[in-house]
Amino acid sequence: MRRISLVFFVLFLFTSLAYSQDVLYTTSGNKIPSKVLEINAQDIKYKDFKNLEGPTYVIAKSDIVLIQYSNGITEVLNSNPTTIEPKVTVPKETVTAVENIKPVASTKLPEKKPMNLYYLNNNMLSINAFALANGDLTLMYDRDLLNNKLSITFLGGYSFNSHMGGLNAFIKDSKDGAKKKYDAGLGINFMPRNTRRVQYFVGLLSKYMAYDYQDVIDTTNNQKNYKKASAYQLAIMVSNGWVFRITPNFNFKLFGSIGVPINSTPLKEEYRSAPKGYIGYCFGYRF
C-alpha cells in the first residue's frame with residue numbers, strides 16, 4: 001500500500017506543478033511560464049513564474065496566440081497571428097529614387113496558415129485504464145519527435161492486486177502460485193499522417209515483467225515442498241493504435257501489441273510458446 005500511495009503522490013505532485021502556472025504562447029513560438037496579473041484592451045501584465053517577487057512585465061496582446069491558465073482553461077487571443085515586420089528608416093534620397101521607378105508585376109506572398117493549437121505540446125502523461133481492470137496501476141509517458149512523425153513511449157506499472165482480471169489468472173497458472181509484481185516498457189512509434197487530430201501509429205514495444213512464484217524444492221511422500229522465488233519475462237511486440245487529440249491538453253490513446261517472449265524464467269511446457277500481448281486504453285494530460 002505504501003508503494004501505491006507513493007505513485008499516487010508523484011502523479012498528484014506532477015499534475016499540481018503542471019497546473020500551478022499560467023503559460024503565455026507567443027506568435028514567435030515561445031512559451032512563457034508566468035502568473036498573469038492583468039489583461040486589458042492592448043496588453044497583458046504578468047510576473048515571471050520563476051521570480052514571482054520580481055518585476056512586472058508587459059506584453060502586447062497582439063504578440064500572444066493564447067493563454068493557458070493554471071486551472072486548465074485555455075483562452076485564444078489571436079488564432080491567426082500576422083507576421084511582425086521590422087520598421088526600417090529609409091533615407092529621403094532613396095524614397096525619391098524609388099518613386100521614379102515604374103511599377104512591375106508584384107509577387108503575391110503565400111498566406112500564413114493559422115497556428116494549430118493541438119500540436120503545441122509534445123509531451124503526454126497518461127494512465128492505462130485497461131490495466132486497472134487487471135489490478136495494475138500503469139503510467140505512460142509519450143514524447144513526440146520530428147514534428148510529430150515519431151514518438152517515444154515509457155511505461156511503468158505496479159500490481160496492487162494479483163487476484164484481479166484474466167491476465168493475473170493466466171500468470172498464476174503459467175507458474176506455480178505466480179504473482180505479478182511490476183512491469184516496465186520502452187517503445188518507439190511512427191505516425192504516417194502526423195498532422196491530424198486522430199493519428200494512427202505503428203511501432204515496437206519492449207516490455208519487462210517481474211513476478212514471484214512457488215518453486216518446488218523436493219517431493220516427499222507424494223507431497224511437494226515449495227520455496228518463494230522470483231522470475232521475469234522480457235518480450236518484444238509490434239504495436240498498432242490511435243491517438244485522439246480531444247483538446248490541446250486532453251488526449252486518448254488506444255493501442256494493442258502482440259509479440260513473443262525473447263528471454264524469461266522457464267514456464268510450464270504449455271505456456272512456453274504462447275504469444276505475448278498488451279492492450280492500452282489511456283487518457284491523459286498533454287503539456
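A residue counts as buried under 20% relative accessible area, as exposed over 50%, and as partly exposed in between, using a 1.4 Å probe and protein chains only. By that rule Tyr-46, at 10% relative accessibility, is buried. This is a predicted model, where local features need pLDDT of at least 70, side-chain atom pairs count only at pLDDT 80 or more, and totals for chains, interfaces and linings use all residues. Residues are numbered from 1 along each chain as its sequence is written, and side-chain values use heavy atoms, with hydrogens and water left out.

Start with the rings. A pair of aromatic rings is described by the distance of the centres and the angle of the planes. Rings of Phe, Tyr and Trp (its six-membered ring) pair if their centres lie within 6.5 Å; planes under 30 degrees apart count as stacked, over 60 as edge-to-face and the rest as tilted. The whole structure holds 9 aromatic pairs. In one of them, the centres of Tyr-46 and Tyr-57 are 5.6 Å apart and the planes meet at 25°, so the pair is stacked. Tyr-46 belongs to strand E3 (residues 43-48) and Tyr-57 to strand E4 (residues 56-60), 11 residues apart. Strands (E, at least two residues) are DSSP runs, numbered from the N terminus. Tyr-57 is partly exposed, at 36%.

Now look at Tyr-141 and Phe-154. They are stacked too, with 6.3 Å from centre to centre and 25° between the planes. Tyr-141 lies in strand E8 (residues 136-145) and Phe-154 in strand E9 (residues 150-159), so the pair ties together parts 13 residues apart in sequence. Tyr-141 is partly exposed at 28%, and Phe-154 is partly exposed at 40%.

Next come the charges. A salt bridge is a side-chain nitrogen of Lys or Arg within 4 Å of a carboxyl oxygen of Asp or Glu. The count is 9 salt bridges. Lys-180 and Asp-136 form one of them, at 2.6 Å from N to O. Lys-180 sits in strand E10 (residues 179-190) and Asp-136 in strand E8, 44 residues apart. Lys-180 is buried at 5%, and Asp-136 is buried at 3%. A network of salt bridges links Asp-136, Lys-180, Asp-183 and Lys-207.

Asp-212 and Lys-228 form another bridge, their closest N and O atoms 3.8 Å apart. Asp-212 is in strand E11 (residues 198-220) and Lys-228 in strand E12 (residues 223-245), so the pair ties together parts 16 residues apart in sequence. Asp-212 is buried at 14%, whereas Lys-228 is exposed at 63%.

How values were computed. Helix = DSSP H or I, 4+ residues; strand = E, 2+ residues; numbered from the N terminus.
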